[in-house]
Each structure stands twice: as structure tokens, then as C-alpha cells.
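Work through the following exercises with the sequence and the model at hand. Each task is followed by a stepwise solution.

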Amino acid sequence: MLNSESLNNILENKVISRQDIIEIYQNAIKDSSELFSVAQNLRKKFKKDSVTFSKKAFLNIVNLCKDTCSYCTYKAEPGEEKLSLMSKQQIFELLQLAKKYRCVEALFVTGERPEQKYQEARDWLKENGFKSTAEYLIHASELALELGLFPHTNAGNLNFEEMRELKKTNVSMGIMLENISERLTKKGMPHYLAASKRPKARLEVLKNSGKLGIPMTTGILIGIGETVEELIDSIFAIKQLHQKYGNIQEVILQNFQPKPDTMMKNVPSVDENYFKIIVALSRIIMPEMNIQIPPNLSPKSYQSFLSVGINDWGGISPLTPDFVNPEFSWPKIDKVDENSKNAGFELKCRFPIYPEFFSFVSKELREKISVIENEEGLVKEEYWR
Ligand code: SF4
């Protein structure tokens with residue numbers, strides 16, 4: 001029996017309210033042990049003793065972006081050294097290499113509709129024979145699939161038609177909600193110059209993914225000036241979407257890390273215990289959800305998050321950098337394996353789609369998955385190790 005009535009209610013599967021969660025949070029900042037223990041209990045109940053990851057290659061297709069978020073170091077300007085405008089040949093070669101490394105996922109990332117703002121992006125599309133970034137992504141996804149990799153596209157606010165086309169080749173797609181708060185889009189806030197980050201626009205994309213039956217990865221960014229209530233509301237917003245459409249396959253909890261070349265360079269990174277409390281709250285709000293933290297953003301302590309509710313490390317690449325967080329390289333898969341084992345968990349490789357969502361994809365995609373799938377719906381050990 002726990003001291004907290006709300007936490008006892010969670011263990012008894014009773015519905016808990018936003019107010020209950022706020023009270024649990026207020027108690028946890030004084031002593032987080034009960035919350036962590038309940039989160040761990042739920043994690044073990046629904047996710048057993050394993051922790052998953054996706055062996056991926058990160059294809060930085062184009063990092064020009066029509067928006068500006070105050071924390072972003074991914075976005076490039078024309079002429080910058082980090083500018084990426086991948087040609088068809090470069091994509092082909094990187095996909096071939098990824099297959100050689102036995103990657104499973106081809107992660108396609110772009111800035112937000114670069115062709116709307118930059119002549120360079122329009123020229124690049126023309127040179128490669130496409131009218132839009134989305135059209136280029138459809139081509140790249142087809143190529144990945146032909147080469148035996150599974151595409152997962154994260155290209156900002158794609159529209160319904162674009163997503164419907166990409167669903168033919170992408171086993172899942174991704175878009176971060178970031179936060180449900182309109183306040184973060186106001187003057188002086190991180191999303192002020194990023195129309196695509198308006199909560200309504202993001203929710204629209206997530207709703208469309210639900211209508212289309214696309215297994216979807218979303219998540220929140222923690223530490224960008226939001227209040228804890230806004231974080232809790234964001235987690236509830238994701239929960240509600242999932243209750244309505246059933247297609248949210250995982251929630252990424254990403255801790256903000258300041259980047260030297262950004263407007264938020266002097267904002268401190270998030271306190272680790274606070275971050276753990278948010279992770280644990282996410283688990284108790286969504287007990288059965290796949291919950292992920294990126295191990296490279298907590299390099300010294302990521303394994304300790306296994307005891308507060310997470311069950312996934314997200315994509316880890318043996319081949320390409322994390323272009324979104326270039327100063328944080330991914331740990332070696334062997335090291336993640338060892339650290340997971342030391343914490344009492346078995347590392348397993350998943351597809352960019354979790355097994356419980358296999359029924360969402362076409363027969364053709366399902367057949368391709370089955371080629372390297374084990375009896376748990378995960379990737380065969382002999383393929384990824
Ligand atoms: S976070 Fe995304 S939308 Fe914002 S500036 Fe960077 S690439 Fe553009």
C-alpha cells in the first residue's frame with residue numbers, strides 16, 4: 001500500500017485526472033520514490049524485461065527549413081558547411097551502405113517545406129526531377145524499400161495526400177508534438193517564428209495520421225520554457241489522440257540540450273531528476289504506451305531511465321550522426337546492450353514499427369517485414385547483431 005491515494009488508484013487501474021497528476025508531481029518533487037516505483041511496476045507489467053531500439057541510418061535529405069525554432073541547430077542556411085541537399089545518387093549510396101551495416105530503418109528527415117522559402121531548395125528539387133520535397137521523399141522511400149530497408153519519414157507538417165502516398169512505403173512516420181501550449185508560439189518564445197509548430201497545426205497532422213491509420217511516433221520536448229502543467233497537458237493530448245485513433249505507437253521524451261549556435265544557447269539543460277519525474281508521469285498517464293528517451297542526450301545515465309518507466313531507446317545508428325543533436329553521438333550498440341543488461345533488461349532490435357501495429361500496414365509491407373522477423377515480431381538476432 002502506497003501513501004499516495006492517486007498512485008494506489010493507478011495500480012488498481014482506476015481513471016486518474018489531470019489534477020491527480022499535478023498532485024502526484026508536487027509530491028514527487030519532494031520525494032519521487034513512490035512515483036518511480038509505480039512507473040517501474042507498470043513498465044514491467046506491460047513491457048516485461050526487455051528494452052528495444054531501432055538500428056537505423058539517418059538520411060538528412062534537406063536541412064533548409066522555412067521555420068525557425070530558437071533551440072534548433074539542425075536547420076541550415078545556404079552556404080553553411082552543414083547544409084545538406086542530398087542528390088538521388090547520394091541517397092542511393094547511403095542506403096546501400098546502410099544495408100551493408102544491416103540497418104533496419106531508413107530515417108528520412110527534412111526541414112519544414114524548404115521549397116516555400118529557398119530558391120536553392122527549388123533548384124535542388126528540379127535538378128533531381130521532383131516538384132516538392134514530399135515527392136522526393138516518396139521516391140527515396142521506394143528506393144529504401146527496394147534495398148531492404150524500412151522507411152520512417154519525419155518531414156514536418158505533411159498534408160493528408162502526402163501522408164497517404166508515403167503510407168504505401170513507410171511502415172511508420174513521425175512528428176513531434178513538442179508541446180500543446182500556444183504560449184510557446186508567442187513573441188519571445190521558442191516557436192514564435194515556427195508556424196508549423198503551432199499546436200493546432202501539429203494536432204492536425206497527428207489527426208490525419210490517425211484517419212489514415214499510420215503508426216505514428218510523436219513526443220514532447222522538455223525544458224524549452226514550458227510549465228509542468230503544459231507538459232502534463234501535452235501528455236494528455238497525446239493520450240487523447242491515441243484513445244481516438246489508436247495509432248500512436250510511441251512517445252519520445254526528449255530533454256532539451258542547449259546548442260551553441262542557437263538563440264537558446266544560454267538556457268540550461270533540463271535537471272535529470274525533473275526529467276525522470278516527467279518520464280514516470282508519462283508512464284502512469286499512458287501505462288501501455290511505448291516510451292522512449294534518446295540515450296545520447298543522457299550519455300552518462302541513460303540506463304537509469306529504465307527504472308522510471310521507459311522501454312525504448314529509439315533509433316541508434318552505427319553509421320550516421322544524429323544531425324538534430326550533432327554534438328551528442330549515439331552510444332555504440334554493444335555498449336547500450338551491456339548497460340541495459342547491467343540494469344536488468346535485455347536489448348532487442350525492433351522494426352520502425354512496433355509489432356502491435358503490424359495490422360496497420362499493407363500486405364506487401366507486412367511480407368517484407370516477415371523476411372527478418374523473429375517469433376516476437378522483432379528483428380532476428382542474427383540479422384542485427
Ligand atoms: S526544429 Fe524543425 S521546424 Fe524548427 S527550425 Fe529546426 S528543422 Fe525547422
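**Exercise 1.** Which residues surround the ligand?

Solution. The model is predicted: local features need pLDDT of at least 70, side-chain atom pairs count only at pLDDT 80 or more, and totals for chains, interfaces and linings use all residues. Residues are numbered from 1 along each chain as its sequence is written.

Step 1. The shell is then C65, D67, T68, C69, C72, Y74, K75, G111, E112, G156, A194 and S196.

Step 2. Sort by class: Ala, Val, Leu, Ile, Met, Phe, Trp, Tyr, Cys and Pro are nonpolar, Asp, Glu, Lys and Arg charged, and the others, Gly among them, polar. The shell has five nonpolar, four polar and three charged residues.

**Exercise 2.** Describe how α3 and α10 meet.

Solution. Step 1. Helices are DSSP runs (H or I, at least four residues), numbered from the N terminus. Helix α3 covers residues 33-47 and helix α10 residues 272-285.

Step 3. List contacts (C-beta atoms, placed from the backbone, within 7 Å). L35, F36, V38, A39, L42 and R43 of α3 meet I277, A280, R283 and I284 of α10. These residues comprise eight nonpolar, no polar and two charged.

**Exercise 3.** What does the C-alpha trace of the chain span along its principal axes?

Solution. The spans are about 65 × 50 × 40 Å.

How values were computed. Near = placed C-beta within 6 Å. Axes fitted to C-alpha atoms, helices over the stretch in contact; angles between N-to-C directions. Helix = DSSP H or I, 4+ residues; strand = E, 2+ residues; numbered from the N terminus. Contact = placed C-beta atoms within 7 Å.
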